[in-house]
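Below is a briefing on one model, grouped by topic.

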Amino acid sequence: RVHNYTWDISYQYKSPDCFEKLAVTVNGEAPGPTIRATQGDTIVVNVHNKLETENTAIHWHGIRQIDTPWADGVAGVTQCPILPGETFAYKFVVDRPGTYLYHAHYGMQRVAGLNGMIVVKVPDGIVEPFSYDEEHTVLLGDWWHKSVYEQATGLTETPFVFVTAPQSLLINGRGTFDCSLAPSGTCNASSPDCGLRPLFTAVPGKTYLLRIGSLTSLSSLSFEIEGHSMTVVEADGYYVRPFVVKNLFIYSGETYSVLVKADQDPRRNYWAASHVVGRNASQTPSGKAIVSYAFKGNNPWIPPPTAPPAGPAWNNTVIRVQQSRAIFAHPRFVEPMPAGADRTLLLLNTQNRIDGHIKWTINGVSLIFPATPYLVAMKRGMTTAYDQRPPSDTYDHMSYDISAPAPTNGTVRSPVYRLALGSVVDVVLQNSNMLNNKSETHPWHLHGHDFWVLGYGEGKFNPAADAWRLLNVRDPIMKNTVPLHNDGWTAVRFRADNPGVWLFHCHIEAHVFMGMGVVFEEGIERVGKLPPSIMGCGQSKGLH
Ligand SMILES: O=C1O[C@H]([C@@H](O)CO)C(O)=C1O
């Protein structure tokens with residue numbers, strides 16, 4: 001089946017947390033509509049850029065884009081930006097069931113609101129390893145009152161101004177900001193866009209599947225439903241060995257499906273809440289919604305009689321790492337993993353000061369997207385369109401002190417890791433202290449592939465020592481986004497089997513904007529004829 005969508009992308013005044021500001025919308029909505037399809041279906045989205053003064057590009061997060069690498073939607077990597085007034089057609093197959101996301105991938109535009117969910121069902125007759133009565137989507141976000149322009153300018157100007165804590169957390173696009181804190185005339189507590197609303201209606205005794213996704217721009221979150229436990233059954237489109245949590249820790253770019261049973265006192269409602277974790281949570285009020293019980297005499301819109309849950313301590317890393325380590329493949333759905341790797345990349349994440357600017361570097365390189373998209377440049381052999389010097393596979397891992405900020409030796413470049421088609425690649429992401437001597441969580445997202453999550457460790461990864469033996473090679477979960485926890489490392493393995501050029505990056509919008517990503521290429525010669533619609537910028541002007 002082919003699903004056709006026509007999307008007008010435009011700025012509109014919105015008040016998602018009662019404070020009015022411009023948001024990038026899809027057909028007037030932020031978040032945009034949920035794309036619903038069945039495994040194997042084709043999605044066609046005709047995107048009209050009606051932003052008037054701003055380019056756009058849309059990434060289909062978690063969709064591998066097999067045979068359609070030009071539809072990945074990353075401006076500077078897989079296409080030229082879509083100019084105002086232009087229309088671009090994305091066409092791709094959703095080849096795996098599961099919960100996925102979409103969002104802007106141009107500059108820091110995601111901060112302004114262009115995001116939504118993709119739900120891919122299993123075909124009829126295929127039985128999932130769990131059952132439920134009804135399903136609902138829960139899209140989590142964070143929201144600032146400053147515009148994306150002010151945020152981006154702060155990151156590039158001197159002195160550097162970080163985006164700092166969001167003003168609110170959104171659940172399905174709605175938040176609750178205290179209007180008395182906003183300048184008069186900017187905040188309307190009775191705006192229909194904002195405020196508390198039922199997340200879903202629970203019929204006593206029924207089981208609900210919540211497809212939860214996070215597209216925060218900065219925040220790591222804890223999500224919970226007061227009084228109810230959640231059984232995690234899916235992560236990034238893969239079935240997990242079910243495990244029960246009170247709080248689900250979820251990082252930007254991840255999705256989880258959880259089962260919730262309506263087994264509590266039905267004469268009242270309960271809180272659904274999200275909380276910032278990993279960064280100081282005190283400046284950001286919790287995201288809140290109502291889980292309403294359908295019961296005679298119970299008003300579904302009445303806030304619960306209890307105080308909203310406080311959430312876990314934001315600085316408790318141990319419980320977050322524990323939850324990451326509790327995620328395994330479902331025993332009947334273990335994806336066989338190659339026993340070893342052909343190549344190992346040890347990628348050191350550091351904050352550097354380069355030419356007076358604060359940047360993120362990976363093995364000393366801060367990524368800047370070239371004017372000509374890598375995909376076009378590499379397919380057409382344009383050797384001056386990107387940096388031909390490959391970045392390093394490793395760093396001085398024996399002597400490097402991860403608790404000290406990096407020396408100032410980074411460079412801003414546009415290079416690429418060229419991977420042999422079909423080869424198996426291990427990547428160990430190593431965290432280190434920022435210039436302010438603190439380390440923080442980075443969710444890393446890989447385009448075009450899913451990876452096996454081999455494990456998480458504390459401190460410095462030592463490839464010479466036991467670290468490899470401690471990794472899970474028996475039943476690792478596959479994912480497309482994984483947290484690199486503060487003061488630690490994360491190891492993943494993937495097969496470079498998807499011809500194209502693919503971004504691998506921190507999913508914090510400010511961080512990728514500051515250079516925190518790398519580019520992988522494999523099998524460029526096997527990529528089919530590029531659609532002319534992705535060209536027209538940089539050295540691809542006039543090409544077809
Ligand atoms: O990239 C970042 O910059 C700031 C800080 O390190 C410098 O102000 C911060 O908290 C980040 O995550």
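How many helices and strands does the secondary structure of the protein chain come to? The secondary structure comes to 4 helices and 32 strands, where helices (H or I, at least four residues) and strands (E, at least two) are DSSP runs numbered from the N terminus. This is a predicted model: local features need pLDDT of at least 70, side-chain atom pairs count only at pLDDT 80 or more, and totals for chains, interfaces and linings use all residues. Residues are numbered from 1 along each chain as its sequence is written.

**Overall dimensions**
- The C-alpha atoms of the protein chain fill a box of roughly 70 × 55 × 55 Å along the principal axes.
- Buried residues (20 or more other C-beta atoms within 10 Å of their own, C-beta atoms being placed from the backbone) make up 53% of the 544 residues.

**Nonpolar cores**
- A nonpolar core is a set of buried Ala, Val, Leu, Ile, Met, Phe, Trp, Tyr and Cys residues joined through C-beta atoms within 7 Å.
- The largest has 152 residues, of which Ile118, Val258 and Val519 touch the most other members.
- Strand 18 (residues 270–277) gives the largest share of this core, 6 residues.
- Because domain 1 (2–325) and domain 2 (337–540) both contribute residues, this core lies between them; the domain bounds come from an automatic or database domain assignment.

**Ligand surroundings**
- Phe162, Gln351, Ile358, Met434, Leu435, Asn436, Glu440 and His511 surround the ligand, each with its C-beta atom, placed from the backbone, within 6 Å of it.

Note on methods: Buried ≥ 20, exposed ≤ 12 C-beta atoms within 10 Å, placed from the backbone.
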